[in-house]
Structures are given as C-alpha cells and as structure tokens.
Amino acid sequence: MSQDVREIYDDLGQKYDVWTSLPDRLFLNRWRRELLAKARGEVLEVAVGTGKNLPFYPEACRVTGLDFSRAMLDEASRRAQAMRRPFEAREGDVTALPFADASFDTVTSTFAVCTFTEPLAALREMRRVCRPGGAVLLLEHVLPRDRPLAWLARSMAPHTRKAVGCNPDRDTLALVREAGLHVDSVLGRARDILLAVVARP
C-alpha cells in the first residue's frame, strides 16, 4: 500500500464514518449484513478500517482486523470495546499478511480491494491464509459492464484515487479468479457497480 493512501486514511480516522454514513444507512449495511452472515469461526477482516462491519458478524465469530492505518485500527478497537466484542487489531501489509498459511476459517474485505496498490498480491494472500473449505467474502464496487457507466468510472478514477485512494475502474471479479480463488457465488449486483462475492481457496 502506498504511503499516500496510508496518509489519506490516517487523516480520515473518525471522519470516515461520518462521510460514509448516508450510503451505509440507505443500502450498504443491508449488503454487509447479508454477506457477513456467512462468516464462520476464526475471521480475518483485511483492511478493517473503523470496524463498521463488526456488528454484522455472527456472535460466534472471533474477529481479527488488519489495517495499515493505526488511526483506523484505534477506531475499530473502540467500536469493538463498546460492543463488548472480542477483537484483535493487527497493523500490517495486505500483500504480506503476518499470519501462517490456513490460519482463518473466513477472510473478509469490504470496499477495500479498490484501494490496494497491488490487488492481485493482496487477494493471493487472502487465499493463502484461508483454510481449505473456508470462504473469502468480498463486497466491492467494480468496473461496470454497462459501457456508459464504465466510461463514467474511468473518468472518475483519477479524482477518487487522489481523494480516497479508490480505483473504481477495476475488474475485481477477474482479479479474484486470477488470484486462484473459486467464485462460489455472487450474492447481488447493483447494475454491476457493486458485487458481493463468496469465493473459496
């Protein structure tokens, strides 16, 4: 992850939840709830951010959250403490996860693959630390198949990269497959702008 993106998210901290609160309430939390209900056992959330996914995991899950931003991890830890939910915060690089092979039953990431400087390397690491029979759960906005929307995504990309490190013009589903993950199901599509994906190592 580039230093520029790290600085963006360290600076955002608490402001991130304020900025994203409206789309969360309108529709994103519904997608989070549906996808993360499928999490089981030992869970690693990659790019956990402020921990806004924590309320949506089944109670029996034991969640470890990894992020490159200390400010974001501090927010996630505060949220977990307020929920009285066991939570381990780990600072680290998504392209070199500090965990042994097959350490987790479920690996998750939401709206983060678009920010990774090396998304293929990150997805391969997520596959590596997921146990056989486990699941990799992803919720992402992606390059639309609709040509006018794809043109819009490509036009916006330089601005969103500068603002929040986001690349809205990535074919994330193709990257998932290239990383060696089997796409078990695509839970939902919103005009192919948003995808909720269940993949297997």
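Is W31 buried or exposed? Select W31 to find out. W31 is buried, because its relative accessible area is 9%. Buried means under 20% relative accessible area, exposed means over 50%, and partly exposed lies in between, using a 1.4 Å probe and protein chains only.

Before moving on, note that this is a predicted model: local features need pLDDT of at least 70, side-chain atom pairs count only at pLDDT 80 or more, and totals for chains, interfaces and linings use all residues. Residues are numbered from 1 along each chain as its sequence is written, and side-chain values use heavy atoms, leaving out hydrogens and water.

**Stop 1: around W31.** Colour helix α2, residues 15–36; W31 lies in it. Helices (H or I, at least four residues) and strands (E, at least two) are DSSP runs, numbered from the N terminus.

**Stop 2: the largest nonpolar core.** A nonpolar core is a set of buried Ala, Val, Leu, Ile, Met, Phe, Trp, Tyr and Cys residues joined through side-chain atoms within 4.5 Å. The largest one here has 30 residues. Select L44, V107, F116, L123, V136 and L138, which touch the most other members. Then show β1 (42–46), β4 (104–110), α4 (119–129), β5 (130–141), α6 (172–178) and β7 (194–200); each supplies at least two residues of this core. The largest share, 5 residues, comes from α4.

**Stop 3: L138.** Which residues does L138 touch? Leaving out residues up to four places away in sequence, its contacts (heavy atoms within 4.5 Å) include L35, S109, V113 and L123. A second, separate core of 23 residues includes W31, L35, F111 and L194.

**Stop 4: T115.** Go to the loop between β4 and α4, where T115 lies. T115 is buried, with a relative accessible area of 8%. Show its side chain: a polar atom there lies 2.7 Å from the backbone oxygen of A112.

**Stop 5: two rings.** Select F99 and F104. Both are buried. Rings of Phe, Tyr and Trp (its six-membered ring) pair if their centres lie within 6.5 Å; planes under 30 degrees apart count as stacked, over 60 as edge-to-face and the rest as tilted. By this rule there is 1 aromatic pair. The centres of the F99 and F104 rings are 5.0 Å apart and their planes stand at 90°, so the pair is edge-to-face.

**Last stop: cysteines.** Select C61 and C114. C61 is buried at 6% relative accessibility, and C114 is buried at 2%. How many disulfides (cysteine sulfur atoms within 2.5 Å) are counted? The count is 0.

Terms used: Polar contact = N/O pair within 3.5 Å; in protein donor to acceptor, adjacent residues only side chain to side chain. Disulfide = S-S within 2.5 Å.
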